Amino acid sequence: MATSSYFLISALLALVASQVIASDPSSLQDFCVADLHSPDDFFKAANLDKPRDTMKSKVGSNVTLINVMQLPGLNTLGISLARIDYAPLGENPPHTHPRATEILTVLEGTLYVGFVTSNPNNTLFAKVLNKGDVFVFPGRLIHFQFNPIHDKPVVAIAALSSQNPGAITIANAVFGSKPPISDDVLAKAFQVEKGTIDRLQAQFWENNHY
């Protein structure tokens, strides 16, 4: 009987623990400001209505993120916001957010967007979005946005389910790491000659988040 009770209690504890791990814990108070010296915890004059410069980016996009680092009142609230500007034929290249799901809406223009599921299927879910359309990128999956129009810019707003979602741009991480990943490793992974990897690693892999 004692053994049965032990296993029952262990099973219940495991179940409770799995529920706790599956989602962020609830806040213990109304809010918890991250910067005690901030003049205004819940407001920022971010000028998100103003166009951003996309010309200085090699990929033709500019991501303006408002997270807990810019708005201390977001601490523990599990949300952040980004304005994304795309030049004609510009893109927000394949990337992931290690701590967030993203929902995006197009304010002006047209975007080709998509995400790829995890192994082994690697299924692409993609869509052409027009003004007012909404698309969801599930957390941690590789996704992208591309402006297919050669003479018109695009503006979008994205909400993310983390106060600090993070971003890992795939090309930057693979070919622009410091120190660099061995070209033997990457040549084998991509099934190309090492010279191709060396040329890619020699490029300047910039960040389009400003």
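Student: Which residue in strand 6 is the bridge partner of valine 116?

Tutor: In general, strands of a sheet pair through backbone hydrogen bonds, either parallel or antiparallel. In this predicted model, valine 116 has leucine 124 of strand 6 as its bridge partner. Strand 5, residues 111-116, and strand 6 run antiparallel and are joined by six bridges.

Student: To which sheet do these strands belong, and in what order do its strands lie?

Tutor: The sheet is open and has five strands in the order 6-5-8-3-10, with antiparallel pairing. Strand 6 (124-129) and strand 10 (168-169) stand at the edges with a single partner strand each, so one side of each has no neighbour in the sheet.

Student: How many helices and strands does the protein have?

Tutor: The protein has four helices and 10 strands. Along the sequence, the pattern reads α-β-β-β-β-β-β-β-β-β-β-α-α-α.

Student: What share of the contacts with a separation of 6 or more joins residues 24 or more positions apart?

Tutor: Such residues account for 71% of those contacts in the protein. As for burial, 32% of the 210 residues are buried. The protein exposes about 13,100 Å², of which carbon and sulfur atoms supply 63%.

Student: Let us turn to the annotations. Which residues does the UniProt annotation "binding site" cover?

Tutor: An annotation comes from a record, and it may be inferred rather than shown by experiment. Here the unreviewed UniProt entry gives "binding site" for His95, His97, Glu102 and His143. These residues span 49 residues in sequence, yet no two of their C-alpha atoms are more than 11.9 Å apart, so they gather at one spot. From this set, His95, His97 and Glu102 belong to the lining of the largest cavity. The unreviewed entry also lists Asn92, His97 and Glu102 under "binding site". The lining of the largest cavity includes Asn92, His97 and Glu102.

Student: Is histidine 95 buried or exposed?

Tutor: A residue counts as buried when its relative accessible area is under 20%. Histidine 95 has a value of 2%, so it is buried. Histidine 95 is placed in strand 3, residues 91-96. A polar atom of its side chain lies 2.7 Å from the backbone oxygen of proline 93. Beyond four places in sequence, the contacts of histidine 95 include Glu102, His143 and Gln145.

Student: Where is histidine 143, and which side chain does its own side chain join in a polar contact?

Tutor: Histidine 143 is in strand 8, residues 142-146, and is buried at 1% relative accessibility. Its side chain and that of glutamate 102 are joined by a polar contact of 3.0 Å. Among the other residues that histidine 143 touches, leaving out those up to four places away in sequence, are Pro93, His95, His97 and Phe137.

Student: Where do histidine 97 and glutamate 102 lie?

Tutor: Histidine 97 lies in the loop between strand 3 and strand 4 (102-108), whereas glutamate 102 lies in strand 4. Histidine 97 is buried at a relative accessible area of 6%, and glutamate 102 is buried at 3%. Residues touched by histidine 97 include Glu102, Arg140 and His143. Glutamate 102 is in contact with several residues, including His95, His97, His143 and Gln145.

Student: Which backbone oxygen lies 2.8 Å from a polar atom of the side chain of asparagine 62?

Tutor: That oxygen belongs to aspartate 53. Asparagine 62 is found in strand 1, residues 61-66, and counts as buried at 3% relative accessibility.

Key:
Residues are numbered from 1 along each chain as its sequence is written. This is a predicted model: local features need pLDDT of at least 70, side-chain atom pairs count only at pLDDT 80 or more; totals for chains, interfaces and linings use all residues. Side-chain values use heavy atoms; hydrogens and water are left out. On a 1 Å grid over the protein atoms alone, a cavity is a set of points where a 1.4 Å probe fits but cannot get out, and a pocket is an open set with protein on both sides within 12 Å along at least five of seven lines; lining residues have an atom within 4 Å of a point. Helices (H or I, at least four residues) and strands (E, at least two) are DSSP runs, numbered from the N terminus. Buried means under 20% relative accessible area, exposed over 50%, partly exposed in between (1.4 Å probe, protein chains only). Contact means heavy atoms within 4.5 Å. A polar contact is a pair of N or O atoms within 3.5 Å; within protein, one must be able to donate a hydrogen and the other to accept it, and residues adjacent in sequence count only if both atoms are side-chain atoms. Accessible areas come from the Shrake-Rupley method with a 1.4 Å probe; for residues, only the protein chains shown count as cover. Two strands pair if DSSP finds at least two bridges between them.
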